[in-house]
Amino acid sequence: MEQHQVDLVQRSFARAAKVAPHVAATFYRELFALDPSLRAIFKGNMLAQGEKLMTMLAQIVDGLHEPDTFLLAVRELAVRHVSYGVEAHHYDLVGVALLRTLRHELGAEFTSETRAAWVEAYNVLASVMCEAAYERPAHRLTT
Ligand code: HEM
């Protein structure tokens, strides 16, 4: 990713992370609206789950300029996700839910340029995870 795109993702995430629990709740609402059957694979407390998701996303976003720092952790995360019942096509739904959440939370600040930077970042993340877990890349989100 270009530095300019990394900056856009980091700046917009920093804004959203100020209200992390709210963002996480919006994210799961968007995700379950896309596919209500996904509720069943989340067994734990959703507040705690939202916190884990936001913490992990913060680490990934922080390390975007130097992806080597998080690749191993993310591959392991992807392999754990197989045992949670996650399938490769779910990564597309999560990507769409994430983009909708950011648009919802950031409003006009979620410009088309910022959106494109997130699409790029998510595609990198989802393909690394899907290659690690399913030996094939995720379906790519488009700008
Ligand atoms: C795209 C990047 C993703 C990130 C950064 C992420 C992050 C996390 C984290 C940090 C956990 C806590 C457990 C652990 O560390 O193993 C978790 C659990 C989980 N994630 Fe993800 N996840 C991602 C993608 C997905 C996708 C595509 C799905 C499919 C719907 C999904 C569904 C779940 C489920 C079902 C759990 C277990 C929840 C429970 O125990 O109740 N995640 N995720």
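Reader: Which helices supply at least two residues each of the shell around the ligand?

Author: In this predicted model, four helices do that: α3 (46-62), α4 (68-83), α5 (90-106) and α6 (112-134). Helix α3 gives the most, with five residues.

Reader: What makes a residue part of that shell, and how many residues surround the ligand?

Author: The test is a C-beta atom within 6 Å of the molecule. The shell comes to 20 residues, and the closest are G44, M56, Y84, H90 and V94.

Reader: Why is α1 called roughly perpendicular to α5?

Author: Helix α1 (residues 3-17) and α5 pack at an angle of about 70°, and their axes are 10 Å apart. Angles from 65 to 115 degrees count as roughly perpendicular, so α1 gets that label relative to α5.

Reader: Which residues meet there?

Author: From α1 you have S12, R15 and A16, and they meet L102, E105 and L106 in α5. By class, this contact has three nonpolar residues, one polar and two charged.

Reader: What makes a set of residues a nonpolar core, and which members of the largest one touch the most others?

Author: Members have to be buried residues of the listed nonpolar kinds, joined through C-beta atoms within 7 Å. The largest core has 27 residues, and V9, A121, L125 and M129 touch the most other members. Helices α1, α2 (20-34), α3, α4, α5 and α6 each supply at least two of its residues. The largest share, nine residues, comes from α6. In soluble globular proteins, nonpolar side chains tend to be buried together.

Reader: Which residues does V9 touch, leaving out those up to four places away in sequence?

Author: V9 touches V61, L64, A117, W118 and A121.

Reader: How do you know whether R75 is buried, exposed or partly exposed?

Author: Count the neighbours. R75, in helix α4, has 15 C-beta neighbours inside 10 Å. Buried takes 20 or more, and exposed takes 12 or fewer, so R75 counts as partly exposed.

Reader: What does R75 touch, not counting residues up to four places away in sequence?

Author: R75 touches V128 and A132. As for E131, R75 and E131 are 56 residues apart in sequence and 8.4 Å apart in space, C-alpha to C-alpha.

Technical notes. Residues are numbered from 1 along each chain as its sequence is written. This is a predicted model: local features need pLDDT of at least 70, side-chain atom pairs count only at pLDDT 80 or more; totals for chains, interfaces and linings use all residues. Axes are lines fitted to C-alpha atoms, for helices over the stretch in contact, and angles run from 0 to 180 degrees between N-to-C directions. Angles under 35 degrees count as roughly parallel, over 145 as roughly antiparallel, 65 to 115 as roughly perpendicular and the rest as oblique. Two residues are in contact if their C-beta atoms, placed from the backbone, lie within 7 Å. Ala, Val, Leu, Ile, Met, Phe, Trp, Tyr, Cys and Pro count as nonpolar, Asp, Glu, Lys and Arg as charged, and the others, Gly among them, as polar.
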